[in-house]
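Thanks for sending this one over. Here are my notes, point by point, to read alongside the model.

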Amino acid sequence: MTITYQVADGLYINMTNRCSNSCEFCVRDQQDAVGDTDSLWLEREPTREEMWENIRSRGDLSVYSEIVFCGYGEPTERLDDMLWLCGKLKAAGAPPIRVNTNGHASLIAGRDVTPELEGLVDTLSVSLNTPDSDEYMRLCRPVFGCKTYGALLDFAARAKEHVPNVVLSAVEGTTDIEACRRVAESVGIPLRVRSRIQ
């Protein structure tokens with residue numbers, strides 16, 4: 001069972017296979033793994049202690065440029081465990097922490113969770129994916145329905161108050177990138193154009 005894996009010089013943490021989206025372009029529907037592993041499909045969700053032991057087994061974390069919460073699921077589906085791990089990593093002097101998220105964390109938790117990220121997350125990369133709600137519904141198929149697109153933009157905007165670096169992202173070749181850039185500019189957040197595995 002793969003809990004951590006490496007992509008370039010980043011250490012990635014694979015916490016869950018659950019996700020509140022079912023994006024038609026998701027890499028997990030096209031291949032079983034990325035980076036230095038054979039499969040990112042989890043037989044079961046590891047405990048927080050198992051994840052921490054697995055991270056520690058990687059040795060000196062300073063060899064990595066960043067720690068990234070990103071696997072074959074949405075890390076904020078396990079928000080409490082993710083934040084616990086962030087605390088452990090910070091206490092251990094780990095490199096900067098990035099969370100790649102679909103931006104549904106507050107919808108999943110049923111409350112504004114952005115204050116809980118403060119001091120624990122250095123970069124929050126929120127998957128905008130499309131320039132409007134209709135296309136988001138068609139391409140990402142969120143379980144929360146039509147309110148999701150507005151909620152993820154609100155989540156990103158609120159997160160700016162608590163996280164040093166917040167970016168919106170879209171996947172190259174799947175949508176109108178310039179239209180996404182205009183949406184990002186309208187909420188004062190930069191857009192990062194990413195490949196499917198970043």
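Predicted model: local features only at pLDDT ≥ 70, side-chain atom pairs only at ≥ 80, totals over all residues.

Which side chain does that of Ser 125 meet in a polar contact of 3.3 Å? The partner is Arg 192.

1. Let me begin with Ser 125. This residue is found in strand E5, residues 123-127, and counts as buried at 2% relative accessibility. Leaving aside neighbours within four places in sequence, Ser 125 is in contact with Arg 98, Val 99, Asn 100, Thr 101, Val 167, Ser 169 and Arg 192.

2. Next, the sheet. The sheet is open and has 7 strands in the order E1-E2-E3-E4-E5-E6-E7, with mixed pairing. Strand E1 (4-7) and strand E7 (191-194) are the edge strands, each pairing on one side only. From one strand to the next the twist averages 30°.

3. Ser 169 stands opposite Arg 192 in E7; both Ser 169 and Arg 192 are among the contacts of Ser 125.

4. Helix H2 lies across E2, E3 and strand E4 (97-101), and runs at about 175° to E3. Asp 122 lies in the loop between helix H3 (105-109) and E5, so the pair ties together parts that are 32 residues apart in sequence. Asp 122 is partly exposed at 21% relative accessibility, and Lys 90 is partly exposed at 31%.

5. The model has 3 aromatic pairs. One of them, Trp 41 with Tyr 72, is edge-to-face, with 5.2 Å centre to centre and 70° between the planes. Trp 41 sits in the loop between strand E2 (10-13) and helix H1 (48-56), and Tyr 72 in the loop between strand E3 (66-69) and helix H2 (79-91), so this pair links parts 31 residues apart in sequence. Trp 41 is partly exposed, with a relative accessible area of 34%, whereas Tyr 72 is buried at 4%.

6. Salt bridges number 13. Among them, Arg 56 pairs with Glu 53 at 3.1 Å between the closest N and O atoms; these two are 3 residues apart in helix H1, about one helical turn. Arg 181 and Glu 178 form another, at 3.4 Å, and are likewise 3 residues apart, in helix H6 (residues 177-186). Salt bridges that share partners also join Arg 18, Glu 45, Arg 48, Glu 77, Arg 78 and Asp 81 into one network.

Notes
Residues numbered from 1 in each chain as written. Heavy atoms only, no water. Phe/Tyr/Trp six-rings, centres within 6.5 Å; stacked < 30°, edge-to-face > 60°. Helix = DSSP H or I, 4+ residues; strand = E, 2+ residues; numbered from the N terminus. Buried < 20%, exposed > 50% of the residue type's maximum accessible area, 1.4 Å probe, protein only. Polar contact = N/O pair within 3.5 Å; in protein donor to acceptor, adjacent residues only side chain to side chain. Contact = heavy atoms within 4.5 Å. Pairing = 2+ DSSP bridges. Axes fitted to C-alpha atoms, helices over the stretch in contact; angles between N-to-C directions. Salt bridge = Lys/Arg side-chain N within 4 Å of Asp/Glu carboxyl O.
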